[in-house]
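Hi,

Here is the model I promised to pass along. Have a look first, and my notes follow below.

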Amino acid sequence: MEFHTFGFHHQVAAGVAAARYITPTPIQTKAIPLVMQGRDVMGLAHTGTGKTAAFVLPILHRLMQGGRRRVRALVIAPTRELAEQIHEAIGKLGLRTGLKSVTVYGGVGFKPQVDKLRRGTEIVVACPGRLLDHINQGTIDLSHLEVLVLDESDRMLDMGFLPDIRKIIKHLPAKRQTLLFSATMPDDILHLAREILEAPVKVQVNTSGPVSSVSHRLYPVEQHLKTPLLLALLRHTDTESVLIFTRTKHRAKRLGEQLGRAGYRAASLQGNLSQARRQDVMNGFRSGTFQILVATDVAARGIDVTQISHVINYDMPDTADAYTHRIGRTGRNTRTGDAFTFVTPEDEDMVRSIERLLHAKVKRCTLNGFDYKKAAPSRHAELSPPLRKPQRRSEQKKTQHAKHGKSPQTLGQR
C-alpha cells in the first residue's frame with residue numbers, strides 16, 4: 001500500500017509527495033481511512049510509529065472543504081516540544097494547502113498568540129494550561145470546531161492535565177470528531193475515552209511493550225560512578241546522536257556542563273530554560289550542532305530526531321511506562337537503536353517491572369577496564385550531592401571569591 005491510495009485532496013497529496021512519504025506505517029494504514037470516514041478513533045501505538053501523520057493528513061484533507069480563518073481543528077499535546085513538533089508536521093504536510101496552524105502554550109508571550117488567533121487560523125496546536133487561559137479570556141473562538149485530537153494522552157495524565165482537559169471539553173461543540181492517540185492506555189485514559197468519544201474504533205499496533213527495533217542493556221553501577229561510567233561508555237561506543245535522561249533538572253544541567261567540559265557537543269533540556277532557549281537546544285540537536293542532549297522526562301514526548309542511535313537512562317525512570325516513552329526516542333522509522341540504563345542497588349524493583357514489560361531478562365553488562373571499586377568522592381565533587389544547608393551571605397561571598405569572580409561557562413559556548 002502507498003499513500004496515494006488514501007485518495008487525499010490533490011493539494012494534500014502534493015504535500016505528502018514533497019515530504020517523500022511513500023509507504024504508510026501500520027498505524028497510518030489502519031487509522032487514516034477511519035479518520036477520513038469521520039469516525040472517532042482511539043489509536044494505540046509506540047512513539048516513533050507515525051501517529052502524528054495518522055491524524056494530521058486526514059484533518060488537512062477534511063479542512064480543504066469548508067470555511068477558512070476560523071478554528072476547525074484543535075490538537076492538544078502535553079508539552080511545548082510536542083506541540084511544536086506537530087505544528088511543524090502540519091506545516092510540512094500542508095505546505096500546498098493554504099491552511100494555517102497556530103501553537104498555543106505557556107512560557108512565551110500571551111499577546112503574540114492572541115494576534116495570530118485574531119488573524120485567523122484553521123488549526124490550533126495547544127498545551128492545556130495556556131489554552132484554558134485563552135478560553136477564559138475569550139481570546140479564542142472554538143464554536144466552529146469540527147475535530148479534537150488528544151495526542152499522547154497518557155503523558156497528559158502523568159503530568160496532571162486530566163482536570164484541565166475536562167474543563168476544555170466543556171467549551172467545545174458536542175458535535176465533533178474526536179481522536180485520541182497514546183502509547184499506553186491506563187485506566188484513567190480509558191475512562192476519559194468513554195466520556196468523550198462516540199462509538200470509537202480502537203486501532204492498536206504493537207503496544208505490548210517497547211519497540212522491537214531497540215536493544216536493551218543494564219549497567220549496574222554505584223551512584224557516584226555514573227558520570228565516569230558514562231564518559232567511558234561514550235569513548236568506547238560508536239554513536240550518532242545520544243539522548244541521556246536524568247531524574248532532575250539540576251542533574252540534567254550539571255551533567256550537560258560536565259559533558260561540555262569533557263569536549264562533547266552537549267546541551268541540556270529542562271524546565272528552567274526559557275522557551276526560546278529550549279527551541280534553540282532542540283534545533284541544535286536536530287541539526288547535529290549538539291551530538292548529545294541531556295534531558296528530564298519533559299523531553300520524552302517532544303523529540304522527533306530520527307538519527308538518535310542511543311538512549312541512556314542515567315537515572316532509572318519512575319515507571320515502566322516512562323521507560324517505554326524514553327527509549328521510544330530511538331529505533332524510529334525502521335532504524336535500530338540501543339537503550340543503556342544505569343542501575344543502582346535501589347533500582348532492582350523497577351528493573352523487574354521493566355523486564356515484565358519486555359517479557360524477557362535484560363542483559364547486565366560491565367565495561368572492561370572500568371574501575372567499579374573506586375571510592376566515592378567528597379560531597380563537593382558528586383554530581384548530585386545531598387541537599388546542604390543554605391549558605392550565609394558571608395559564606396557565599398567567600399565562595400564567589402574562591403572562584404575568582406568567574407562564572408561557569410554556559411552550555412553550548414564551548
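Which residue in β6 does Gly 43 stand opposite? Gly 43 stands opposite Phe 181. Before the rest, some housekeeping. This is a predicted model, in which local features need pLDDT of at least 70 and side-chain atom pairs count only at pLDDT 80 or more, while totals for chains, interfaces and linings use all residues. Numbering starts from 1 along each chain as its sequence is written, and side-chain values use heavy atoms, with hydrogens and water left out.

**Around β1**

Helices (H or I, at least four residues) and strands (E, at least two) are DSSP runs, numbered from the N terminus. Two strands count as paired if DSSP finds at least two bridges between them. Strand β1 (residues 41-45) pairs in the parallel sense with β6 (residues 177-182) over four bridges. β1 also pairs with β7 (residues 201-205), again parallel, over five bridges, and there Ala 45 stands opposite Val 205.

β1 is mostly covered, with five of its five residues buried. Here buried means under 20% relative accessible area, exposed means over 50%, and partly exposed is in between (1.4 Å probe, protein chains only). Val 41, Gly 43 and Ala 45 point one way from β1, Met 42 and Leu 44 the other way, and all are buried.

**The seven-stranded sheet**

Seven strands form an open sheet with parallel pairing, in the order β10-β11-β9-β12-β13-β8-β14. The edge strands, β10 (266-269) and β14 (363-364), each pair on one side only. Within the sheet, β12 (residues 308-313) and β13 (residues 337-343) pair in the parallel sense over four bridges, with Asn 313 opposite Thr 341. Helix α10 (residues 226-236) packs on this sheet and touches β8 (214-220), β9 (241-245), β11 (292-295), β12 and β13. The direction of α10 makes about 155° with that of β13; axes are lines fitted to C-alpha atoms, for helices over the stretch in contact, and angles run from 0 to 180 degrees between N-to-C directions.

**Helix α14**

The buried residues of α14 (residues 348-358) are Met 350, Val 351, Ile 354, Glu 355, Leu 357 and Leu 358. They cover an arc of only 155° around the axis, which puts them on the same side of α14. (The arc is that of the directions from the helix axis to the C-beta atoms.) An α-helix has 3.6 residues a turn, so residues three or four places apart point the same way. On the other side of α14, Asp 349 and Arg 356 are exposed. The buried residues of α14 pack against β8, α13 (320-327), β13 and β14; contact means heavy atoms within 4.5 Å. Just after α14, His 359 takes a positive phi of about 60°.

**Nonpolar cores**

A nonpolar core is a set of buried Ala, Val, Leu, Ile, Met, Phe, Trp, Tyr and Cys residues joined through side-chain atoms within 4.5 Å. The largest one has 42 residues, and those with the most contacts inside it are Phe 55 and Leu 57. Its largest share, eight residues, comes from α3. Setting aside neighbours within four places in sequence, Leu 57 is in contact with Phe 3, Phe 8, Val 12, Val 16, Ile 32 and Leu 93. A second, separate core of 32 residues includes Ile 76, Val 124, Met 156 and Leu 197.

- Arg 69 has a positive phi of about 60° although it is not a glycine. Arg 69 is in the loop between α3 (51-63) and β2 (73-76) and, at 37% relative accessibility, counts as partly exposed.
- Glu 152 has a positive phi near 50°. Glu 152 lies in the loop between β5 (147-150) and α7 (153-158) and is buried, with a relative accessible area of 5%.

Taking a disulfide as a pair of cysteine sulfur atoms within 2.5 Å, the count comes to zero. Cys 127 is buried at 7% relative accessible area, and Cys 365 is buried at 10%.

Cheers
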